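Here is a friendly note to read alongside the model. Keep the viewer open and follow each point in turn.

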Amino acid sequence: MSAPKIALLCASLRQGSINKKLESALEKRLVADGAEPVLIDLGDYDLPLYHGEIELPHSVKRLVLDLTACDGVIVVTPEYNGGLPPVLKNAIDWTSTFSTDHFTGPVWGLASCTPGPMSGIMCLRQLNYILMRVGTEVVPTQVGVGNAITAFDEEGHLVSEPSSSLAEKMIASLFLRIKQKAAIE
Ligand SMILES: Cc1cc2nc3c(=O)[nH]c(=O)nc-3n(C[C@H](O)[C@H](O)[C@H](O)COP(=O)(O)O)c2cc1C
């Protein structure tokens, strides 16, 4: 099997984002483990806030196709008030009105980074539930990174434990499930 294509989708659009930092650390791991990372920047899709009377924007179809073209998807998300950032929920809602191929085709993994110690677990739990509702297979190991300021080394590698080990385990699970799915398709 050729190198698995894994999309990295960050739900923070701001430049100095700690979740973008985590995304970049996971990208390094994916490359080291022999995968082909595909950066999906939600800002490039410029999705309007979902509204039942707005015609489906072309960018929704583009996002669905870009995700469906990958074997795996890793979402890296901040936690807002114990839940999902609106940019992520909006993308899930918009794309679900067009297709579920991007939810049911690739295997998904979840990660979150917070400045405080709680590591986004409330958001991860909700995201897991929502993705399950649209038929997604999410690997059981999720990567919560708390205390972001001490979690990365100077080169941007994720070094704090148990987050670093969880990242390794999540990537290994993604690879395994992608391989197993390819074998039966
Ligand atoms: C509206 C809002 C709500 C937030 N709620 C939480 C929260 O529930 N839990 C948490 O750990 N951090 C919370 N934070 C702090 C974010 O984790 C912090 O701003 C983080 O840096 C955002 O991620 P980013 O740097 O990737 O943009 C909140 C921030 C905002 C703006």
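Why is β1 largely enclosed by the rest of the structure? Five of the six residues of β1 are buried, so the strand is largely enclosed. Here "buried" means that 20 or more other C-beta atoms lie within 10 Å of a residue's own; "exposed" means 12 or fewer, "partly exposed" is in between, and C-beta atoms are placed from the backbone.

Before the numbered points, two notes on reading the model. Residues are numbered from 1 along each chain as its sequence is written. This is a predicted model, in which local features need pLDDT of at least 70 and side-chain atom pairs count only at pLDDT 80 or more, while totals for chains, interfaces and linings use all residues.

1. The sheet. Five strands form an open sheet in the order β2-β1-β3-β4-β5, with parallel pairing. Helices (H or I, at least four residues) and strands (E, at least two) are DSSP runs, numbered from the N terminus, and two strands pair if DSSP finds at least two bridges between them. At the edges are β2 (36-41) and β5 (143-145), each of which pairs on one side only.

2. The neighbours of β1. Strand β1 covers residues 5-10 and pairs in the parallel sense with β3, residues 72-77, over five bridges. Six bridges join β1 to β2, and these two strands run parallel as well.

3. The crossover. Between β1 and β2 the chain passes through helix α1 (residues 18-32), and this β-α-β crossover is right-handed. That word means that, with the strands pointing away from the viewer, the path from the first strand over the helix to the second runs clockwise.

4. Helix α1. This helix has 15 residues and reaches 21 Å from its first C-alpha to its last, close to the 21 Å expected at 1.5 Å a residue; the expected span is 1.5 Å times one less than the number of residues. Its buried residues are I18, N19, K20, K21, L22, E23, A25, L26 and L30. What covers them includes β1, β2, β3, β4 (107-113), β5 and α6 (163-184). After the helix comes G34, with a positive phi near 95°.

5. Strand β3. Which residues of β3 are buried on each side? One side has G72, I74 and V76, the other has V73, V75 and T77, and all are buried.

6. The core. The largest nonpolar core has 47 residues, and those with the most contacts inside it are L8, L22, L26, V75 and V76. Such a core is a set of buried Ala, Val, Leu, Ile, Met, Phe, Trp, Tyr and Cys residues joined through C-beta atoms within 7 Å. Helix α6 gives the most to this core, with six residues. Leaving aside neighbours within four places in sequence, V75 is in contact (C-beta atoms, placed from the backbone, within 7 Å) with L9, A11, W108, L110, A111 and L127.

7. Buried or exposed? Compare two residues. C123 is found in helix α5 and counts as buried, with 25 C-beta neighbours inside 10 Å. Leaving aside neighbours within four places in sequence, C123 is in contact with T77, E79, G83, L84 and S112. P140 is in the loop between α5 (121-133) and β5, and this proline is exposed, with 9 other C-beta atoms within 10 Å.

8. Backbone details. In the loop between β2 and α2 (58-68) you will find D46, whose phi is near 50°, a positive value in a residue other than glycine. S119 lies in the loop between β4 and α5 and has a positive phi of about 60° although it is not a glycine. D46 is exposed, with 8 other C-beta atoms within 10 Å, whereas S119 is buried, with 25. Finally, a cis peptide bond joins E161 and P162, with omega about 10°; P162 is in the loop between β5 and α6.

Technical notes. Contact = placed C-beta atoms within 7 Å.
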